[in-house]
Amino acid sequence: MPLLAIETTCDETAAAVIDRSRRVLSSVVASQDDLHARWRGVVPEVASRAHVERIIPVIDEAVTRAGVSKESLVAVAVAVRPGLVGSLLVGLCAAKGIAAVLGVPLVGYDHIAAHLYACRLAHPERIRYPCVGLVASGGHTSLFHLHGPLELERLGGTIDDAAGEAFDKAAALLGLGYPGGPWIERVAAGGNPAAHRFPRPLVNDRERLDLSFSGLKTALRYRVRPPASPFGAAPAAGPSLDPPLPTGQALADLAASFQQAVVDAIVAKVDLALARTGCRVLAVGGGVTANAALRGALESLGRKRRIDVLIPPRELCTDNAAMGAIAWERLERGEDDGLELDVTPGTDRSAARRPSP
Ligand code: KG4
Ligand code: ZN
């Protein structure tokens, strides 16, 4: 009695088949990284067109790999917020079509809540509510007090860039590839995280659970290419006088120091959220939580505070449709959005990953 989940919030076209016991029978993700790499960020129109081309093959593949027939699907679930409006609509249209033809319930779900539900999939015996939730991805970096899988109370988060966006832009500044997080992580492995002291904005503010990454990005920019002195001579016309991009150990040290600053800032606010709520469980999700340095730092915070830290395997941290299993929580409450279901993209900076300037 499985459901089909569809995920097209940003630049991954994904479908999964999950049975009522939350067993993932199949999970297929078609990444668009190659299409967006030259822009070093997601171009919304390119993303939605690619979703149109891929959505049906991805769904077919998910159903085939699950070894079930389409007729055996008991519901269709689709991520309806937050995300890029064009991308979301492709998933919604596909979901509506399948639900209508099969005559089964159609259930929308929240992508952010689903990132945290990946902890329920990975650690069903350990998840407990209330708990603290951290979502760190390309579009979001937020802390929640989770009263249940669907009951998210936002405690705070970034006031400017998301952590993943900072990784993507830092990688661009360092001349690395896209998406930036895995590149920075790889290069940082040979670097000294204490080589550069980058800012950790707001970490000493014990009143607010807010984070900020835009100043860190600027600090890296000036470390890579120091600004011209306002008192110096005007630059001569002709070829750029910019110093060459760092390579070798210098590059590794910059990447490692940048990564450490992001990790320290996130861990400080997670620590504060745990202290404030008194929760004994931390659930994390989103692409940035695939980062080994962040995972290690959260685990050591857990040991220090003697709390249980739930971190999904990497493939469940980045965007996927298996986490659409959260729709079972709504179905079990008898909820069905029907064909009136619509998307709610969200309008602020958190809804999209902008390309680098
Ligand atoms: O959750 P996700 O797949 O998509 C969104 O919902 O945004 O997150 C993608 C983000 C990208 O910014 C990417 O650079 C970052 O997650 N990311 C990482 C790592 N893997 C992906 N950041 C740091 N370290 C990683 N290993
Ligand atoms: Zn995501």
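**Helix packing and domain contact in a predicted model**

Student: At what angle do H5 and helix H7 pack, and how far apart are their axes?
Tutor: Helices here are DSSP runs (H or I, at least four residues), numbered from the N terminus. Axes are lines fitted to C-alpha atoms over the stretch in contact, and angles run from 0 to 180 degrees between N-to-C directions. For H5 and helix H7 (residues 214-224), the angle is about 10° and the axes are 10 Å apart.

Student: What kind of model is this, and how are residues numbered?
Tutor: This is a predicted model, in which local features need pLDDT of at least 70 and side-chain atom pairs count only at pLDDT 80 or more, while totals for chains, interfaces and linings use all residues; side-chain values use heavy atoms, with hydrogens and water left out. Chains are lettered from A and ligands numbered from 1 in the order in which they are written, and residues are numbered from 1 along each chain as its sequence is written.

Student: Are H5 and H7 roughly parallel or roughly antiparallel?
Tutor: Angles under 35 degrees count as roughly parallel, over 145 as roughly antiparallel, 65 to 115 as roughly perpendicular and the rest as oblique. The angle between H5 and H7 is about 10°. H5 and H7 are therefore roughly parallel.

Student: Which residues of H7 make the contact with H5?
Tutor: Contact means heavy atoms within 4.5 Å. H5 contributes Lys 169, Ala 170 and Leu 173, and H7 contributes Lys 217, Leu 220, Arg 221 and Val 224.

Student: How do H5 and helix H8 run relative to each other?
Tutor: Helix H5 (residues 163-173) and helix H8 (residues 248-277) pack at about 170°, with axes 11 Å apart. H5 and H8 are therefore roughly antiparallel.

Student: How much area do domain 1 and domain 2 bury between them?
Tutor: By an automatic or database domain assignment, the chain is divided into domain 1 (3-115 + 318-351) and domain 2 (126-228 + 243-311). Buried area is the accessible area (1.4 Å probe) that two parts lose on being put together, summed over both. Of the buried area, 62% is on carbon and sulfur atoms, and the total is about 1,600 Å².

Student: How far apart are the closest N and O atoms of Glu 61 and Arg 65?
Tutor: A salt bridge is a side-chain nitrogen of Lys or Arg within 4 Å of a carboxyl oxygen of Asp or Glu. Glu 61 and Arg 65 both lie in helix H2 (residues 44-66), four residues apart. In their salt bridge, the closest N and O atoms are 2.8 Å apart.

Methods: Helices (H or I, at least four residues) and strands (E, at least two) are DSSP runs, numbered from the N terminus.
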